[in-house]
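Thanks for coming, everyone. Let me put the structure up and walk you through it.

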Amino acid sequence: MFHPKKFFWMSCVLEVQDVVTPASRFVITVDGLAASGKSSIARQLAQRLGFVHFSSGLLYRAVGWEALERGIDLLDDRVLGAFVESHSWEVGLDSSGRGGVFIDGRAVAVDLSDARISEAASCVATSRRVRQALVQPQRQAYAPHPIVGEGRDLGTVIFPDAQLKLFVEAPEQLRISRRIKQWCEARGEGVIADEAVLQAEIVERDRRDAERAISPTVAAPDAVLVDNGGRALTEVVDYLYTLASSRGLVSGV
C-alpha cells in the first residue's frame with residue numbers, strides 16, 4: 001500500500017552552495033536503500049515518461065574503480081578526496097547517444113557492476129570530500145534532458161527542488177532475497193550464492209548508508225513513500241506515472 005509517513009529529518013547533510021534548481025528541466029528522484037527495487041522502478045518509469053535514466057551510483061562506482069586501479073586507500077579521506085578533486089567527472093551521452101561516466105573526458109569502459117567495484121563504491125561514498133566533489137556532476141547529469149534519477153540522497157541533497165521525490169521501501173528480508181537473485185543472475189547458471197555473506201552485506205550497507213554523518217539515506221520531508229514490498233513492478237510504475245502526470249510531468253498533460 002502506498003501511504004504517507006513522517007520521517008525524522010536528519011540535519012547531517014552536505015553543506016552545498018549554489019543549489020541548481022531543476023526549473024529548466026523535469027527531475028524525478030528515486031531514493032532508497034540497497035536492493036529496495038529503486039533501480040528497476042527508476043529505469044521503467046524513465047522509459048514510460050521518455051526521460052533519461054540516471055544512476056548516481058555509477059559515479060561512485062567510477063571513483064571506486066579508479067581508486068582501486070591506482071592503489072588508493074579507500075578509507076583515506078585526505079588522499080581519496082584530493083584524487084577526486086583533481087579530476088573532472090561527468091555523466092552524459094556519448095556521440096552514439098549512449099549514457100556513461102566520463103573521467104577527464106574519457107569514457108569509463110569497464111563493467112561497473114562488478115562486486116569488487118560495488119563494495120569500493122560503498123566505501124568511497126562515506127567520504128565527505130568525495131560526496132562534495134560529485135554534487136555538481138550529479139546535478140548536471142544528462143542536462144538539459146529530463147531525468148529520473150536513482151540514488152541515496154538525490155531528493156535531500158542533489159535535487160532538493162525536484163518536481164517529484166520518491167523514497168522506495170521494502171522489507172529487509174525481501175531485499176536480501178533480491179540481492180541473492182541479482183548475484184546469481186550476474187554469475188550465471190550453476191553458481192551458488194553464500195546467502196549468509198550476502199545477508200551480512202545488505203545489513204552492513206544499510207547501516208553504512210543510513211547512519212553515516214554525511215548525507216545519510218533518508219526520505220526527504222516532501223518525498224512520496226513507495227511501498228515496493230509486494231506489488232508487481234508494472235503496478236508500481238503505473239501508479240508513479242499517474243502521480244507524475246498529476247504533477248504536470250507528462251508531455252501533453
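Which strands does helix H1 lie across? Helix H1, residues 38–49, lies across strand E1 (27–32), E2, E6 and strand E7 (164–169). Against E6, H1 runs at about 175°.

Before I go on, a reminder. This is a predicted model.

Now the overview. The protein has ten helices and eight strands. Of its 253 residues, 48% count as buried. Take the contacts with a separation of 6 or more: 77% of them come from residues 24 or more positions apart.

Next, the sheet. What is the strand order? It is E2-E6-E1-E7-E8. That is an open sheet of five strands, with parallel pairing. The edges are strand E2 (52–55) and strand E8 (224–227), and each pairs on one side only. Neighbouring strands are turned by 25° against each other on average, ignoring direction.

Let's go through some of the pairs. E2 and strand E6, residues 147–151, run parallel and are joined by four bridges. There, His-53 stands opposite Val-148 in E6. E6 also runs parallel to E1, with five bridges between them. In that pair, Val-30 stands opposite Glu-150 of E6. E1 pairs with E7 too, again in the parallel sense, over five bridges. Here Gly-32 has Val-168 of E7 as its bridge partner.

Stay on E1 for a moment. Is it buried or exposed? Six of the six residues of E1 are buried, so the strand is largely enclosed by the rest of the structure. Both faces are covered. Val-27, Thr-29 and Asp-31 are buried on one side. Ile-28, Val-30 and Gly-32 are buried on the other.

Step back to the segment before E1, and you find Ser-24. Its relative accessibility is 72%, over the 50% cut-off, so Ser-24 counts as exposed. Along the chain, Ser-24 and Ala-143 are 119 residues apart.

Strands E3 (89–93) and E4 (99–103) belong to it. E3 and E4 pair in the antiparallel sense, over five bridges. Val-91 stands opposite Val-101 in E4. Five residues sit between the two strands. One of the hairpin's residues, Gly-97, takes a positive phi near 85°.

On to the cores. In soluble globular proteins, nonpolar side chains tend to be buried together. Which residues touch the most other members of the largest nonpolar core here? Trp-89 and Leu-134 do, in a core of 37 residues. Several elements each supply at least two residues: E2, helix H2 (57–70), helix H3 (77–85), E3, E4, helix H4 (115–124) and helix H7 (154–158). H2 gives the most, with six residues.

What does Leu-134 touch? Setting aside residues up to four places away in sequence, the list is Leu-59, Tyr-60, Val-63, Val-84 and Trp-89.

Now look at H4. Seven of its ten residues are buried, so H4 is largely enclosed by the rest of the structure. The buried ones are Ile-117, Ser-118, Ala-120, Ala-121, Ser-122, Cys-123 and Val-124. What do they pack against? They pack against H2, H3, helix H5 (128–133) and H9.

H9 brings me to the last stop. Helix H8 covers residues 172–187, and helix H9 covers residues 195–211. Their axes come within 9 Å and cross at roughly 120°. That makes H8 oblique to H9. The crossing is right-handed.

Which residues make the contact? From H8, they are Glu-172, Arg-175, Ile-176, Arg-179, Ile-180 and Trp-183. From H9, they are Glu-195, Leu-198, Gln-199, Glu-201, Ile-202, Val-203 and Asp-206.

The open sheet has five strands with parallel pairing. E1 has six of six residues buried. The largest nonpolar core has 37 residues, with Trp-89 and Leu-134 touching the most other members. That's my walk-through.

How values were computed:
Residues numbered from 1 in each chain as written. Predicted model: local features only at pLDDT ≥ 70, side-chain atom pairs only at ≥ 80, totals over all residues. Heavy atoms only, no water. Pairing = 2+ DSSP bridges. Axes fitted to C-alpha atoms, helices over the stretch in contact; angles between N-to-C directions. Contact = heavy atoms within 4.5 Å. Core = buried A, V, L, I, M, F, W, Y, C linked by side-chain atoms within 4.5 Å. Buried < 20%, exposed > 50% of the residue type's maximum accessible area, 1.4 Å probe, protein only. Parallel < 35°, antiparallel > 145°, perpendicular 65-115°, else oblique. Left-handed = near helix turned anticlockwise from the far one by under 90°.
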